[in-house]
Amino acid sequence: MNAITKRPSALTEAQFHYCPGCGHSVVHRLTAEVIDELNIKDRAVVVAPVGCAVFADKYFDVDSIQGPHGRGPAIATGIKRAKPDSIVFSYQGDGDLASIGMAEIVHAAARGENITVIFINNTIYGMTGGQMAPTTLVGQVATTAPKGRNEKLQGNPINVSEMLAQLKSAKYIERVSSDSAPNIIKAKKAIKKAFQNQIDGLGFSFVEVLSICPTNWGTTPLKGLDFLREKMMAQYPLGVFKDVTAANKEGK
Amino acid sequence: MPKIEVNEARCKGCQLCTKACPKQCIEMSDTFSTTGYYPARLAKQDCCIGCGMCFQVCPDIAITVFR
Ligand SMILES: Cc1ncc(C[n+]2csc(CCOP(=O)(O)OP(=O)(O)O)c2C)c(N)n1
Ligand code: SF4
Ligand code: SF4
Ligand code: SF4
Ligand SMILES: [Mg+2]
């Protein structure tokens, strides 16, 4: 009898500090498996965010940098331009990317930087204790929206993938989910494509992953999955919002 | 017969694997692990079909599937 599963070599042996059930852990594994499969461990660079994934550099056994809140895409831009052979990915939460870092992600996409962005949407500021994020659902309770997000007071959630897909220079935008084994396998395919695009020089690639934050949602991991499927997916439908990489490949 | 092994030191008792298993082969232990969680374990022999679903959902890479 043989083991048919293994810890990817692009991860260190360090135990994740994430809470039980946290989506970050799943996406770390998927990303590390992709790095292994594409054989890019020696030239991959992770740009860690501010947020629960701030210690991502402890887990990914690749070169790393941790930047100021939300500035990942700008840092990734600099590294990629200075060292074009490196494979640079910015790993960001929704507070980091869609709140304080909204300008950086929009302009990196608009410039068509040849980088990969992994965007963990858990509809909340996890690290700081559950404040409302731009992605928080209407009606969802947060410490800064104790009665639930109110459309009249706080407006509506931002669908980042749909928004970035409007930009001409963005090449590949997909939203996936980490809630079930089949969806996790699909998520990995999307992440792999987002890295392959960069290797092929095809341009800005962005994968949004719907993830649970049971701790700040005040629930259990299993009930968190129900919330993700019933509520999050209604606001954030899964799918490819843009993919012009096939056309670009032919034109190359 | 396929089987799984749970690395108790890594398992955080999130229970996601119990729901993901199509054969309901996984249950939670009723004794604490050294890290302070109730870890997952294979509930019955000759149950596992080695599909790997539990591995896919396990956030902490605590499960190894053998086939
Ligand atoms: C300049 C600056 N402003 C605010 C903070 C406080 N802060 C730390 S993490 C965070 C939000 C994290 O939320 P998210 O990006 O969604 O990450 P998660 O923890 O949910 O993965 C904030 C506001 C900070 N560290 N630096
Ligand atoms: S607070 Fe939320 S996002 Fe942060 S580690 Fe815990 S579950 Fe994950
Ligand atoms: S490998 Fe499949 S059948 Fe075996 S325990 Fe895991 S999910 Fe269940
Ligand atoms: S999914 Fe992993 S961490 Fe969660 S209970 Fe099962 S073995 Fe433990
Ligand atoms: Mg968040």
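# Reading a predicted model: fold, ligand shell and buried residues

Analyst: With 252 residues, chain A would have a radius of gyration near 18 Å as a compact globule, and its value of 17 Å agrees. The radius is taken over C-alpha atoms, and the globule rule is 2.2 Å times the number of residues to the power 0.38. This is a predicted model, in which local features need pLDDT of at least 70 and side-chain atom pairs count only at pLDDT 80 or more, while totals for chains, interfaces and linings use all residues. Residues are numbered from 1 along each chain as its sequence is written, chains are lettered from A and ligands numbered from 1 in the order in which they are written, and side-chain values use heavy atoms, with hydrogens and water left out.

User: How many helices and strands does chain A have?

Analyst: Helices (H or I, at least four residues) and strands (E, at least two) are DSSP runs, numbered from the N terminus. Chain A has 11 helices and seven strands.

User: What percentage of the residues of chain A count as buried?

Analyst: Buried means under 20% relative accessible area, exposed over 50%, and partly exposed in between, with a 1.4 Å probe and protein chains only. In chain A, 57% of the 252 residues count as buried. Contact here means heavy atoms within 4.5 Å.

User: Which residues come nearest to ligand 1?

Analyst: A residue is near a molecule if one of its heavy atoms lies within 4 Å of it. There are 16 residues around ligand 1, and His24(A), Asp94(A), Gly95(A), Asp96(A) and Gly126(A) come nearest. Helix H4 (residues 94–100) of chain A gives the most to this shell, with four residues.

User: Which atoms lie at polar-contact distance from ligand 1?

Analyst: A polar contact is a pair of N or O atoms within 3.5 Å; within protein, one must be able to donate a hydrogen and the other to accept it, and residues adjacent in sequence count only if both atoms are side-chain atoms. A polar side-chain atom of Asp94(A) lies 2.4 Å from a ligand 1 oxygen atom, a backbone N or O atom of Gly95(A) is 2.7 Å from an oxygen atom of the ligand, and for a polar side-chain atom of Asn122(A) the distance to a ligand oxygen is 3.2 Å. The protein covers 73% of the 600 Å² of accessible area that ligand 1 has on its own. Such areas come from the Shrake-Rupley method with a 1.4 Å probe; for residues, only the protein chains shown count as cover.

User: Is Asn122(A) buried or exposed?

Analyst: Asn122(A) counts as buried because its relative accessibility is 6%. Its place is in the loop between E4 and H6 of chain A. Among the residues that Asn122(A) touches, beyond those up to four places away in sequence, are His24(A), Asp94(A) and Trp217(A).

User: Where is Thr136(A) placed?

Analyst: Thr136(A) is in the loop between strand E4 (116–121) and helix H6 (151–154) of chain A. At 0% relative accessibility, Thr136(A) counts as buried. Its side chain reaches the backbone nitrogen of Ala133(A) at 2.7 Å.
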